[in-house]
Amino acid sequence: MINYEEYFADRVKPMKGSAIREMFKRMADPEIISLAGGNPASELFPADELSKIAGKILMTSPTVALQYGTTDGYPKMKDCAIARAKEAGAYNEGDGVLIMTGANQGIDLTAKAIINKGDKIIVESPSFIGSLNAFRTYECELVGVDVEADGMDISKLEEALKANPDAKLLYTIPTFQNPTGTTMSLKKRKKVLELASEYDLLIMEDNPYGDLRFAGADLPTLKSLDTEGRVVYCGSFSKILSPGMRLGYVIGPPKLLEKVEMLKQVNDVHTPMLTQMMCVQFMKKYDINKYIAKNRKLYKEKCDTMISAMEEYFPKGKVEWTVPEGGIFLWCTCPTITDVSVVVNKALEKKVAIVPGSNFAIDQSLPSNKFRLNFSSASKSDITEAIKRLGEVLTEIL
Ligand SMILES: Cc1ncc(COP(=O)(O)O)c(C=O)c1O
């Protein structure tokens, strides 16, 4: 038999399977309550509306919906992306826009256009595994900067930049970060831009959760504060409409996006026309902000349910957690232990799935005393039940 390991390219050799994906395999068990994934609440999907819209598109415009499209995106879909980005202050006249097959593709291909082997990329530590894995395939060096309750630790960022003055790119999820649920303060946003200017860094701002605020006041995006054209902005319809439609976008300098577009042409030619057209019609016929408002309300209720259950069932004084003002995650720390894997495994025996912090680390081989909880996907009663079971595990172990 052929040993495929010998044939693999160097860039994929260090890649490890994601524990989240492994968890998904085990979640075929219908009894498992998952607080592990990053799924939005499927109970709110506008399935009836989208089914009527899809039917009408296929009846009236099949030759457009089923035909090849242009790589940069269906023009009316680009207008929808611009409309969303304008709400976030993330679009300026003259910016380029590309429709991507999910923000994931935008992050990956923008990275591909920028990163050479050996380049240094500054990332939040912990950060979104999808982006870290994309960067890893370009054989760069990831330089992690700790995340605090109000975003990146600026003194650690300064240290990292002093030690790596040639760093090329800074990747950040400033609002309702994945996995910590934290949001970067305005002061820190301004400081990050100042440092980026000083060290001549590009910034990739990943903002799939920005619309999902349920507490506190909105903050300007880095893109809206940028006066030097340093910020490339990645947006997504996954958490405000449907992740299965795979609709994301990148907004930034046309010179850079020209290259990203060429990479997309090689990668998947274009994002499916049908889902682009469905999104356009949905935004034309309905007020997407009303739909988003329903999500925000539900996520607040679910987040409050989770935190009340944690207060009731987690062992007192043994677990710390972040209190998010939006998004879909919160982040727990168990200061008295060094490795949560035993907690994760015992929770799974009790049919509760959570993700250990090591998954989101720059060095995934190190143990972590943290874990991520998702509150958007499970029902409120399942959230309470799962936290109760997790509380039993934590009480036994801590
Ligand atoms: C921080 C972050 N960026 C990007 C994505 C990718 O989103 P999309 O579904 O648009 O590819 C996710 C998905 O969970 C995410 O958490």
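Before anything else, I settled my terms: helices (H or I, at least four residues) and strands (E, at least two) are DSSP runs, numbered from the N terminus. This is a predicted model, where local features need pLDDT of at least 70, side-chain atom pairs count only at pLDDT 80 or more, and totals for chains, interfaces and linings use all residues. Residues are numbered from 1 along each chain as its sequence is written, and side-chain values use heavy atoms, with hydrogens and water left out.

**Entry 1: the ligand**

Next came polar contacts, meaning pairs of N or O atoms within 3.5 Å. Asp206 puts a polar side-chain atom 2.5 Å from a nitrogen atom of the ligand. Asn104 uses its backbone instead, with an N or O atom 2.9 Å from a ligand oxygen. For Arg246, a side-chain N or O atom sits 2.8 Å from an oxygen atom of the ligand. I also checked cover: the ligand taken alone exposes 400 Å², and the protein buries 93% of that. Those areas are Shrake-Rupley values with a 1.4 Å probe.

**Entry 2: the eight-strand sheet**

I traced an open sheet of eight strands with mixed pairing, in the order E2-E9-E8-E7-E6-E3-E4-E5. I call two strands paired if DSSP finds at least two bridges between them. Strand E2 (96–100) and strand E5 (151–152) are the edges, each pairing on one side only. Strand E8 (residues 231–236) and strand E9 (residues 248–252) run antiparallel, joined by four bridges. Across that pair, Gly235 stands opposite Tyr249 in E9.

Helix H10 (residues 254–267) lies across E2, E8 and E9, at about 25 degrees to E2. Contact here means heavy atoms within 4.5 Å. Axes are lines fitted to C-alpha atoms, for helices over the stretch in contact, and angles run from 0 to 180 degrees between N-to-C directions.

**Entry 3: the four-strand sheet**

I found another open sheet, four strands in the order E10-E11-E14-E13, with antiparallel pairing. Its edge strands are E10 (320–321) and E13 (355–356). E13 and strand E14 (residues 370–374) share two bridges, and Pro356 stands opposite Phe371 in E14. Helix H12 (residues 288–313) packs on this sheet, touching E10, strand E11 (329–333) and E14.

Most residues other than glycine have a negative phi, and most peptide bonds are trans. I noted a cis bond between Ser125 and Pro126, with omega about 10 degrees. Pro126 is in the loop between strand E3 (120–125) and helix H6 (129–136). Asn178 to Pro179 is also cis, with omega near 15 degrees. Asp200, not a glycine, has a positive phi of about 55 degrees.

Key: A polar contact is a pair of N or O atoms within 3.5 Å; within protein, one must be able to donate a hydrogen and the other to accept it, and residues adjacent in sequence count only if both atoms are side-chain atoms.
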